[in-house]
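Please keep the sequence and the structure side by side while reading.

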Amino acid sequence: MSKSFKFVGLIFVFLITSTYTFNPNHKSKSIFFPIKEVIIEGTKALDKQKIIIELNYLKGTGLIFINKKTIKTTLKKYEFIESFKIKKIYPNTIKFIFKEKEPIAINSLGKNKFYIAEDGEYIRFKKLDYFSNLPIIFGKKNNFNLLYQNLKNINFPTKKIKSYLSFDVGRWDIILKNGVVIKLPYINYLEGVNNFMSIYNKKEFSKFKVFDY
């Protein structure tokens with residue numbers, strides 16, 4: 001390789017790296033594939049337009065060198081973000097594909113409400129139509145995620161649950177959307193749930209609204 005070719009290559013690399021900054025507070029322009037458009041996909045709970053504004057600092061910077069760590073810092077405040085992928089669309093577009101956390105219930109503690117993710121994480125509550133049908137937990141969420149996983153494991157129709165009522169002694173009531181109440185014991189509650197599932201659709205039990213185990 002000739003010295004002149006190596007020199008041109010070094011100049012090219014220098015120009016690219018010197019025209020891009022990782023600091024979102026200082027917008028440096030790039031002459032190589034400057035970003036002109038930011039696209040957001042995969043949002044239901046997230047405010048797409050707000051995130052586009054948040055990432056507006058990327059416009060004009062080089063598409064070749066994107067600092068994902070800096071972007072993660074920028075987006076850290078959005079609790080619904082589980083992960084995201086970045087897709088570079090040359091010559092001038094960057095696309096963010098988000099995976100959101102999926103709440104499984106709303107915990108109501110006095111005047112305070114929180115979404116609860118499947119891993120037990122609390123997410124600050126804000127009214128969202130997309131999650132309007134989530135069941136509500138009244139009281140402390142003692143071992144709620146274990147209860148939820150156990151219900152899923154036995155194929156209990158969790159979509160039919162309107163609310164969960166937690167008692168200080170550690171047991172639960174499950175209230176279905178049709179008004180049926182399943183009062184679970186503190187110990188071996190899955191025996192009660194399995195029994196309920198085996199008899200609930202039988203005609204002779206259709207008039208019952210409370211199943212006390």
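Helix H3 (residues 68-75) lies across E2 and E3 and runs at about 135 degrees to E2, where axes are lines fitted to C-alpha atoms, for helices over the stretch in contact, and angles run from 0 to 180 degrees between N-to-C directions. Helices (H or I, at least four residues) and strands (E, at least two) are DSSP runs, numbered from the N terminus, and contact means heavy atoms within 4.5 Å.

The model is predicted, so that local features need pLDDT of at least 70 and side-chain atom pairs count only at pLDDT 80 or more, while totals for chains, interfaces and linings use all residues. Residues are numbered from 1 along each chain as its sequence is written, and side-chain values use heavy atoms, with hydrogens and water left out.

## The chain as a whole

The chain holds five helices and eleven strands. Of its 213 residues, 39% are buried, a term that means under 20% relative accessible area, with exposed being over 50% and partly exposed in between (1.4 Å probe, protein chains only). Among contacts between residues at least 6 apart in sequence, 53% join residues at least 24 apart.

## The three-stranded sheet

Three strands form an open sheet of mixed pairing in the order E1-E3-E2, two strands being paired if DSSP finds at least two bridges between them. Strand E1 (37-41) and strand E2 (81-89) stand at the edges with a single partner strand each, so one side of each has no neighbour in the sheet. On average, and with direction ignored, neighbouring strands of this sheet are turned by 20 degrees against each other.

E1 and strand E3 (residues 93-100) run parallel and are joined by five bridges, and Glu41 has Ile97 in E3 as its bridge partner. E2 and E3, by contrast, run antiparallel with eight bridges between them; Phe84 has Phe98 in E3 as its bridge partner, and a hairpin joins E2 to E3 through three residues.

## A buried loop residue

Ala45 is placed in the loop between E1 and helix H2 (48-54), and it counts as buried because its relative accessibility is 4%. Leaving aside residues up to four places away in sequence, Ala45 touches Phe80, Glu100, Lys126, Leu128 and Phe131.

## Helix H4 and its cover

In helix H4 (residues 144-153), the buried residues are Phe144, Asn145, Leu147, Tyr148, Asn150 and Leu151. Their cover includes E4, strand E5 (112-117), strand E7 (136-138), E8, strand E9 (172-176) and helix H5 (189-199). Just after H4, Asn155 takes a positive phi of about 60 degrees.

The largest pocket has a volume of about 330 Å³. On a 1 Å grid over the protein atoms alone, a pocket is an open set of points where a 1.4 Å probe fits, with protein on both sides within 12 Å along at least five of seven lines, and lining residues have an atom within 4 Å of a point; the volume is the space filled by probe spheres set on the points. Among its 14 lining residues, Pro103, Asn133, Leu134, Pro135 and Lys159 are the closest to the centre. Strand E4 (103-109) and strand E8 (161-166) each supply at least two residues of this lining.

The second largest pocket holds about 200 Å³ of space, and its lining residues include Leu46, Lys77, Phe80 and Arg124.
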